[in-house]
Structure formats: C-alpha cells, structure tokens
Amino acid sequence: IDDSKECKNCMVCVELCPMQAIQHWLPHENAPEKWLIDTDRCIGCGVCSSNCPTKRMYLKKIRNDEVEETTPMAYMRTENERFH
C-alpha cells in the first residue's frame with residue numbers, strides 16, 4: 001500500500017481479492033484507519049492493484065518460492081509444510 005497516495009475507501013480491493021488477503025479498518029474512537037495485507041494468503045494475482053482507482057495498491061515481490069516441476073511434487077511440499 002502506497003501511503004503517499006490517498007485512498008478513496010471504495011473497498012474494491014477488499015471486495016475483489018479472491019484470497020481475502022486484504023483487511024481494512026475504518027477509523028473509530030482513538031484508533032486510526034488501518035490496512036493489512038496478509039502476505040501468507042496473497043497469491044500475487046494483481047486484482048487489487050489493477051482495479052485500484054488511485055493506484056494506491058501495488059505488487060511487490062516478497063519471496064522467491066520455487067515452483068515444483070510436477071503435481072505430485074507440489075502435493076508432497078504441501079503435506080510437508082502442513083506437518084512441519
């Protein structure tokens with residue numbers, strides 16, 4: 001989230017995120033407005049950034065996950081992550 005740009009609070013990014021990785025809390029009482037991107041849920045699809053009218057949302061590479069060569073290898077990695 002580019003804090004130098006103003007948000008219109010249109011909530012398009014929150015509504016369109018297929019992984020529900022974006023959370024937004026409006027300001028209330030003594031708490032300020034807050035945005036949270038769950039990087040563990042985000043799959044980097046770009047729906048949020050491509051639909052943001054103010055271009056406040058943008059994609060930034062944060063990890064270098066290697067893609068498995070076969071589907072069975074992907075299943076094995078997933079199972080290993082679940083139990084370790």
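Start by selecting Cys48. At 16% relative accessibility, Cys48 counts as buried (buried is under 20% relative accessible area, exposed is over 50%, and partly exposed is in between, with a 1.4 Å probe and protein chains only).

Before going on, note that this is a predicted model, in which local features need pLDDT of at least 70 and side-chain atom pairs count only at pLDDT 80 or more, while totals for chains, interfaces and linings use all residues. Residues are numbered from 1 along each chain as its sequence is written, and side-chain values use heavy atoms, with hydrogens and water left out.

**Stop 1: the cysteines**

How many disulfides are there? The count is zero, where a disulfide is a pair of cysteine sulfur atoms within 2.5 Å. Stay on Cys48, which is in no disulfide. Its nearest cysteine sulfur belongs to Cys42, 6.3 Å away. Now select Cys7. Cys7 is in no disulfide either. The nearest cysteine sulfur to Cys7 is that of Cys10, at 6.3 Å. Is Cys7 buried or partly exposed? Cys7 is partly exposed, at 22% relative accessibility.

**Stop 2: the whole chain**

Zoom out. The protein chain has three helices and two strands. Helices (H or I, at least four residues) and strands (E, at least two) are DSSP runs, numbered from the N terminus. Follow the sequence and the pattern is α-β-β-α-α. The radius of gyration is 16 Å, well over the 12 Å that the globule rule gives for 84 residues, so the chain is more spread out than a compact globule. That radius is taken over C-alpha atoms, and the globule rule is 2.2 Å times the number of residues to the power 0.38. Along the principal axes, the C-alpha atoms fill a box of roughly 50 × 30 × 20 Å. Buried residues make up 15% of the 84 residues.

**Stop 3: helix α3**

Select residues 71-83. This is α3, with 13 residues. From first C-alpha to last, α3 reaches 19 Å. That is close to the 18 Å expected at 1.5 Å a residue, the expected span being 1.5 Å times one less than the number of residues. How many of its residues are buried? The number is zero, so α3 lies largely in the open.

**Stop 4: the cavity**

Rolling a probe the size of a water molecule over the atoms shows where empty space is left. The structure holds one cavity of 30 Å³ or more. On a 1 Å grid over the protein atoms alone, a cavity is a set of points where a 1.4 Å probe fits but cannot get out; a pocket is an open set with protein on both sides within 12 Å along at least five of seven lines; lining residues have an atom within 4 Å of a point. Grid points are joined across faces, edges and corners, and a volume is the space filled by probe spheres set on the points.

About 110 Å³ of space lies in the largest cavity. Select Cys7, Cys10, Cys13, Cys52 and Met57: of the 15 lining residues, these are the closest to the cavity's centre. The elements giving two or more residues to this lining are α1 (12-16) and α2 (47-51). By type, the lining divides into eleven nonpolar, two polar and two charged residues. Here Ala, Val, Leu, Ile, Met, Phe, Trp, Tyr, Cys and Pro count as nonpolar, Asp, Glu, Lys and Arg as charged, and the others, Gly among them, as polar.

**Stop 5: the largest pocket**

Next, select Cys42, Ile43, Gly44, Ile62 and Arg63. Among the 29 residues lining the largest pocket, these lie nearest its centre. About 700 Å³ of space lies in this pocket. α2 and α3 each supply at least two lining residues. Which element gives the most? α3 does, with three residues. The pocket lining holds 17 nonpolar, four polar and eight charged residues.

**Stop 6**

Most residues other than glycine have a negative phi. Select Met11, in the segment before α1. Its phi is near 65°, a positive value. Met11 is partly exposed, with a relative accessible area of 24%. Move to Lys55, in the loop between α2 and α3. Lys55 has a positive phi of about 60° although it is not a glycine. Lys55 is partly exposed too, at 44% relative accessibility.

**Stop 7: two lysines in the loop**

Stay in the loop between α2 and α3 and select Lys60. Lys60 is exposed, at 62% relative accessibility. Lys61 is exposed, with a relative accessible area of 67%. Its C-alpha is 8.3 Å from that of Gly44, 17 residues apart along the chain.
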